[in-house]
Amino acid sequence: MTAPVLIGIGLLGGAGALVRFLLDGAVSERWRGSFPAGTLAVNLSGAFALGIVTGATLHGDALRLVATGLIGSYTTFSTWMLESHRLGEDGALSIAALNIALSLVAGVAAVAIGRAVA
Amino acid sequence: MRVDRRELLAIFAGGFAGAVARAEIGVALAPSSPAAWPWATFLVNVAGAALLGYGVTRLQERLPLSAYRRPFLGTGVCGALTTFSTMQLEILRMLDAGRAGLAIGYAAASLLAGFGAVLVATNGVRRARVLA
């Protein structure tokens, strides 16, 4: 990977983190209830976007910039796990289990749908 | 939603670092085929979950409140170091290749290790004595 591509991945990665923060905030502000809908919205939309990008004819550095940089940073595994753990700690075991199962199943489906419509 | 420009800068800087680290690890540990275990994604995800569990617990329960540490470390570094979308694409490609067992094993291992990493890091911080 060349230095400009790596810097590009960093810049798009920073942008992806910002968009995640803003969308998560906007969804969480409107969502009543303890289910982490903000993170789910981010992760499913990102999985769909990755499906579109891999289904389209993007290759090499362009694919790396968009898929690894922007979309990879936009979606998050760590917050998904942290929120599930904290829900479990608070005794909301069924919501924690739903969050894990729904994200996983709908996430794979979102990539497949994105790839199909690309 | 209230937006703080320094908070956004902290998230951007953390996201830059997390994405670059994930990209470098991805190149170093690039899988040879869709049927190979995706070590790069697996490792960044578990490491990022551990770091987030450690960081958030320490910042919330152990250290004085700071406005920019959590956005930098949690939302920025850990959020960008780990990835949900790539993991889901890898699972889909395993299913495409007819490797349903591998797909289920990879998903289960990522969830168990990721959740376990948050649990262990959280409890580790809580058990540790507060050092002045």
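Visitor: How many helices and strands does chain B have?
Guide: This is a predicted model. The elements of chain B run α-α-α-α-α from the N terminus on. The count for chain B is five helices and zero strands.

Visitor: What box do the C-alpha atoms of chain B fill?
Guide: Chain B has 132 residues, and 47% of them count as buried. Taken along the principal axes, the box is roughly 55 × 35 × 30 Å.

Visitor: In chain B, what share of the contacts with a separation of 6 or more comes from residues 24 or more positions apart?
Guide: One pair shows such a separation: Leu119(B) and Ala50(B) are 69 residues apart in sequence, with 8.2 Å between their C-alpha atoms. Across chain B, the share is 76%.

Visitor: Is Leu119(B) buried, partly exposed or exposed?
Guide: Leu119(B) lies in helix α5 of chain B, residues 100–127. A residue needs 20 or more C-beta neighbours within 10 Å to be buried, and 12 or fewer make it exposed. Leu119(B) has 17, so it counts as partly exposed.

Visitor: What pattern does chain A follow along its sequence?
Guide: Chain A has five helices and zero strands. Its C-alpha trace spans about 50 × 30 × 25 Å along the principal axes. Read along the sequence, the pattern is α-α-α-α-α.

Visitor: What percentage of the residues in chain A is buried?
Guide: Chain A has 118 residues. Among its contacts between residues at least 6 apart in sequence, 69% join residues at least 24 apart. The buried residues of chain A make up 49%.

Visitor: How are α2(A) and α3(A) oriented, roughly parallel or roughly antiparallel?
Guide: Helix α2 of chain A covers residues 37–55, and helix α3 of chain A covers residues 60–74. Their axes come within 9 Å and cross at roughly 170°. Angles over 145 degrees count as roughly antiparallel. That crossing therefore makes α2(A) and α3(A) roughly antiparallel.

Visitor: Which residues of α3(A) make the contact with α2(A)?
Guide: By class, this contact has nine nonpolar, two polar and no charged residues. α2(A) brings Val42(A), Gly46(A), Ala49(A), Leu50(A), Val53(A) and Thr54(A). From α3(A) come Leu63(A), Val66(A), Ala67(A), Ile71(A) and Tyr74(A).

Visitor: How far apart are the end C-alpha atoms of α2(A)?
Guide: α2(A) is largely enclosed by the rest of the structure, because 14 of its 19 residues are buried. At 1.5 Å a residue, the 19 residues should span 27 Å. The distance between the end C-alpha atoms agrees, at 27 Å.

Visitor: And how far apart are the end C-alpha atoms of α3(A)?
Guide: α3(A) has 15 residues. At 1.5 Å a residue, they should span 21 Å. The end C-alpha atoms agree with that, lying apart by 20 Å.

Visitor: What covers the buried residues of α3(A)?
Guide: The buried residues of α3(A) include Arg64(A), Gly69(A) and Ile71(A). From chain A, the cover includes α1 and α2.

Visitor: Which residue of chain B does Ile71(A) touch, leaving out residues up to four places away in sequence?
Guide: Ile71(A) is among the residues that touch the most other members of the largest nonpolar core, along with Leu50(A), Ala49(B) and Val118(B). Within chain A, Ile71(A) touches residues including Gly16(A), Gly46(A) and Leu50(A). Its partner in chain B is Ser85(B).

Visitor: Why is α3(B) described as largely enclosed?
Guide: The buried residues of α3(B) pack against α1, α3 and α4 of chain A, together with α1 and α2 (39–61) of chain B. Among those buried are Arg70(B), Phe72(B) and Cys78(B). α3(B) is largely enclosed because its buried residues number 12 of the 13.

Visitor: Which element gives the most to the side of chain A that touches chain B?
Guide: The contact takes 41 residues from chain A and 43 residues from chain B. The residues on the chain A side divide into 20 nonpolar, 19 polar and two charged. With 14 residues, the element that gives the most is α1(A).

Key. Residues are numbered from 1 along each chain as its sequence is written. Chains are lettered from A and ligands numbered from 1 in the order in which they are written. This is a predicted model: local features need pLDDT of at least 70, side-chain atom pairs count only at pLDDT 80 or more; totals for chains, interfaces and linings use all residues. Axes are lines fitted to C-alpha atoms, for helices over the stretch in contact, and angles run from 0 to 180 degrees between N-to-C directions. Helices (H or I, at least four residues) and strands (E, at least two) are DSSP runs, numbered from the N terminus. Angles under 35 degrees count as roughly parallel, over 145 as roughly antiparallel, 65 to 115 as roughly perpendicular and the rest as oblique. Two residues are in contact if their C-beta atoms, placed from the backbone, lie within 7 Å. Ala, Val, Leu, Ile, Met, Phe, Trp, Tyr, Cys and Pro count as nonpolar, Asp, Glu, Lys and Arg as charged, and the others, Gly among them, as polar. The expected span of a helix is 1.5 Å times one less than its number of residues. A nonpolar core is a set of buried Ala, Val, Leu, Ile, Met, Phe, Trp, Tyr and Cys residues joined through C-beta atoms within 7 Å.
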